[in-house]
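Visitor: I am new to this structure and would like a short tour. Could we begin once it is on the screen?

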Amino acid sequence: MSVEAPSPPAALPSARSLGLWHCECCGLVSQARPGEAHARCPRCRFPLHDRKPYSLQRSIAFLVAAVLLYIPANVLPVMGTASVLGDEEHTILGGIAELWHAGSYELAAIVFVASIAVPILKIAALLLLVATSARRSRWRQLERARLYRLVETVGHWSMLDVFVVVILVGMVRFGAFASVSPEPGLLAFGGVVVATMLAASAFDPRLIWP
């Protein structure tokens, strides 16, 4: 008795083929009108697109800016301290080393992960997503979709150093005895964080599923 092989499942229709557009602002799914080039969400009036315009190009541009800003962010000082003992400038790596030598291993590890590891891994992950989407690759699509969600989730924690310095600047004001001031490296680091956040926002995760 012969057993017939099961037939492959039929391909599911895509939202684009059904004329369904998803609003990035309020999440409403609406039916696109035939021939309508500049549609707006019927609920919030946000412009609708079946794909984000120039998604890969904008993501690449923001990633290039992030890579260029990452060098001065780690070379230039992010914080300066002035006291009766003298003036000192601190870089991110120098601050991590000082925390480690002072015995604050947990705090040093947190700053290292938030300020060094997360930006590098986020840039690498976005480069992987952009490169594979540009090639219309079907390699590990589910894992790449999860990676994109992870990048969006942890990206905001990269601002930890900026928040710490701003709090210190507001708190440590003792006149002529001691003061803390932000330095150019902090601006470059903030630029790295903002550029990677914009790159993640510009990337269209629907490109993972060509």
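Guide: One term is needed at the outset: a residue is called buried when its relative accessible area is under 20%, exposed when it is over 50%, and partly exposed in between. Arg140 has a relative accessible area of 49%, so it counts as partly exposed. Please also keep in mind that the model is predicted.

Visitor: Where is Arg140 in the chain?

Guide: Arg140 is placed in the loop between α4 and α5. Its phi is positive, at about 45°, although Arg140 is not a glycine.

Visitor: Is Arg136 buried or exposed?

Guide: Arg136 counts as exposed, because its relative accessibility is 58% and the cut-off for exposed is over 50%.

Visitor: Back to Arg140. What does it form with Glu143?

Guide: Arg140 and Glu143 form a salt bridge, in which the closest N and O atoms are 3.8 Å apart. Side chains of opposite charge can pair when their charged atoms come close. Glu143 is partly exposed, at a relative accessible area of 37%.

Visitor: How many salt bridges does the structure hold?

Guide: The structure holds 1 salt bridge.

Visitor: Let us step back. How many helices and strands are there in the protein?

Guide: There are 7 helices and 5 strands. Along the sequence their order is α-β-β-α-β-β-α-α-α-α-β-α.

Visitor: How much of the protein is buried?

Guide: The protein has 210 residues, and 33% of them count as buried. Its accessible surface is about 13,500 Å², with 68% of that belonging to carbon and sulfur atoms.

Visitor: And what share of the contacts joins residues 24 or more positions apart?

Guide: Among contacts with a separation of 6 or more, 62% are between residues 24 or more positions apart.

Visitor: Which of its residues are buried?

Guide: The buried residues of α5 are Gln141, Arg144, Ala145, Tyr148 and Val151. Viewed down the axis of α5, they fall within an arc of 120°, so they line one face of the helix.

Visitor: Why can residues along a helix point the same way?

Guide: An α-helix has 3.6 residues a turn, so residues three or four places apart point the same way.

Visitor: What do the buried residues of α5 pack against?

Guide: They pack against two helices, α4 (105–134) and α7 (184–202).

Visitor: How far is Leu126 from Ile60?

Guide: Their C-alpha atoms are 8.9 Å apart, while 66 residues separate them in sequence. Ile60 is found in helix α2, residues 55–75. Ile60 is partly exposed, at a relative accessible area of 42%.

Visitor: What does Ile60 form on the surface with Val64 and Leu68?

Guide: Those three residues form a nonpolar patch on the surface, and together they have about 280 Å² of accessible area.

Visitor: One last topic: where is Arg43, and what does it touch?

Guide: Arg43 is found in the loop between β2 (29–31) and α2. Not counting residues up to four places away in sequence, Arg43 touches Cys26, Gly27 and Leu28. The C-alpha atoms of Arg43 and Cys26 are separated by 7.9 Å, the two residues being 17 residues apart along the chain. At 54% relative accessibility, Arg43 counts as exposed.

Definitions and conventions. Residues are numbered from 1 along each chain as its sequence is written. This is a predicted model: local features need pLDDT of at least 70, side-chain atom pairs count only at pLDDT 80 or more; totals for chains, interfaces and linings use all residues. Side-chain values use heavy atoms; hydrogens and water are left out. Helices (H or I, at least four residues) and strands (E, at least two) are DSSP runs, numbered from the N terminus. Buried means under 20% relative accessible area, exposed over 50%, partly exposed in between (1.4 Å probe, protein chains only). Contact means heavy atoms within 4.5 Å. Accessible areas come from the Shrake-Rupley method with a 1.4 Å probe; for residues, only the protein chains shown count as cover. Patches are made of residues with over 30% relative accessible area and no salt bridge: like charges are joined within 9 Å, nonpolar side chains (Val, Leu, Ile, Met, Phe, Trp, Tyr) within 5 Å. A salt bridge is a side-chain nitrogen of Lys or Arg within 4 Å of a carboxyl oxygen of Asp or Glu. The arc is that of the directions from the helix axis to the C-beta atoms.
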